[in-house]
Amino acid sequence: MTRPEVVVHATGELLAAAAAARLITKIVDAQAAHGVASVVLTGGRTGIGVLEQVNDSPARDAVDWANVDVYWGDERFLPYGDPDRNETQARHALLDHVPVNPERVHPMAPSGGKFGPDADAAAAHYAEVLATTASRETDIAVPHFDVLLLGIGEEGHTASLFPETPYVQESGRTVVGVHDCPKPPPTRISLTLPAIQAASEVWLMTTGSAKAKPVAAALGGAKPVDIPAAGAHGRDLTLWLLDPTAASAIPTGG
Ligand code: 6PG
């Protein structure tokens, strides 16, 4: 596992702008290296704020959007178009405004659609979607994700993997239906830690003093079952993008 890198930006606004610049560069570089870039989006205030900043950036048009594969790390299991779905928010923030190829945009299924209320079936279907474009570089049935974005919750959850649940300890499946979540809505779909760990780069982005404790715990070597974000790392880079309050409890030397 690579040592995590921590970058602290002076404000949440600067963090979002800098992360957006970093994301644009990462996508452009991945496209230069292998044609198509593969990006996994997150829900949450911070992650959506970064997409808004990508949309507002003049460098946005340096990306060949038709050659970006877009996936989600987790989804709130709600009807299509629900304003609280991570997909809806990402579309409003960015995807509706750039010329993506719809065939390369891979949302997790909504509730009430093909899978009705069955989040487990929707999760199994997403695992199949990932398996069809699985990378030969990883030994797990997911694509080569160039960059996977994540947020972190006050109790240390990341994606929709919450502390002390079987989902955070899942080692066989790449995608799970998650039930009884403490953060609404209670039913979600999430990549598991092995799927997250197959990404080349994992960026965890958060701001605010409420996140100081889980950030410090994750960087201080907590067990993923207690602090799921501690198990989120990339094959080549694990990057924490923080503001000073979220970084305020990081152990010295951590
Ligand atoms: C979601 C998430 C979740 C989120 C964190 C942080 O769908 O709710 O993907 O993991 O990223 O809860 O959210 P905030 O950035 O809003 O604090």
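## Strand pairing around β7

Two strands are taken to pair if DSSP finds at least two bridges between them, and in this predicted model β4 and β7 run antiparallel and are joined by 3 bridges. Within that pairing, E75 stands opposite I189 of β7. Strand β6, residues 175–178, also pairs with β7 in the antiparallel sense, here over 4 bridges, and V176 is the residue that stands opposite S190 of β7.

In a regular strand the side chains alternate between the two faces of the sheet. Strand β7, residues 188–191, is covered on both faces, with R188 and S190 buried on one side and I189 and L191 buried on the other.

## Nonpolar core

The largest nonpolar core holds 73 residues, and those touching the most other members are V40, L148, L150, I189, I196 and L204. Helix α1, residues 12–34, gives the largest share of this core, with 7 residues.

Apart from neighbours within four places in sequence, L150 has contacts that include T42, G73, T158 and A159, and also V202, W203, L204 and A232.

## Ligand shell

The ligand is surrounded by 17 residues, of which G43, G44, R45, T46 and G151 are the closest. By class, this shell comprises 11 polar, 4 charged and 2 nonpolar residues. Both α2 (45–56) and β4 (74–76) supply at least two residues of the shell, and the largest share, 3 residues, comes from α2.

## Annotated domain

An unreviewed UniProt entry annotates residues 13–240 as the domain "Glucosamine/galactosamine-6-phosphate isomerase". Over residues 13–240 the chain is 30% helix and 15% strand, with the end C-alpha atoms 16 Å apart.

Methods:
Residues are numbered from 1 along each chain as its sequence is written. This is a predicted model: local features need pLDDT of at least 70, side-chain atom pairs count only at pLDDT 80 or more; totals for chains, interfaces and linings use all residues. UniProt positions are given in the numbering used here, feature names are shortened, and annotations may be inferred rather than shown by experiment. A residue is near a molecule or strand if its C-beta atom, placed from the backbone, lies within 6 Å of it. Ala, Val, Leu, Ile, Met, Phe, Trp, Tyr, Cys and Pro count as nonpolar, Asp, Glu, Lys and Arg as charged, and the others, Gly among them, as polar. A nonpolar core is a set of buried Ala, Val, Leu, Ile, Met, Phe, Trp, Tyr and Cys residues joined through C-beta atoms within 7 Å. A residue is buried if 20 or more other C-beta atoms lie within 10 Å of its own, exposed if 12 or fewer, and partly exposed in between; C-beta atoms are placed from the backbone. Two residues are in contact if their C-beta atoms, placed from the backbone, lie within 7 Å.
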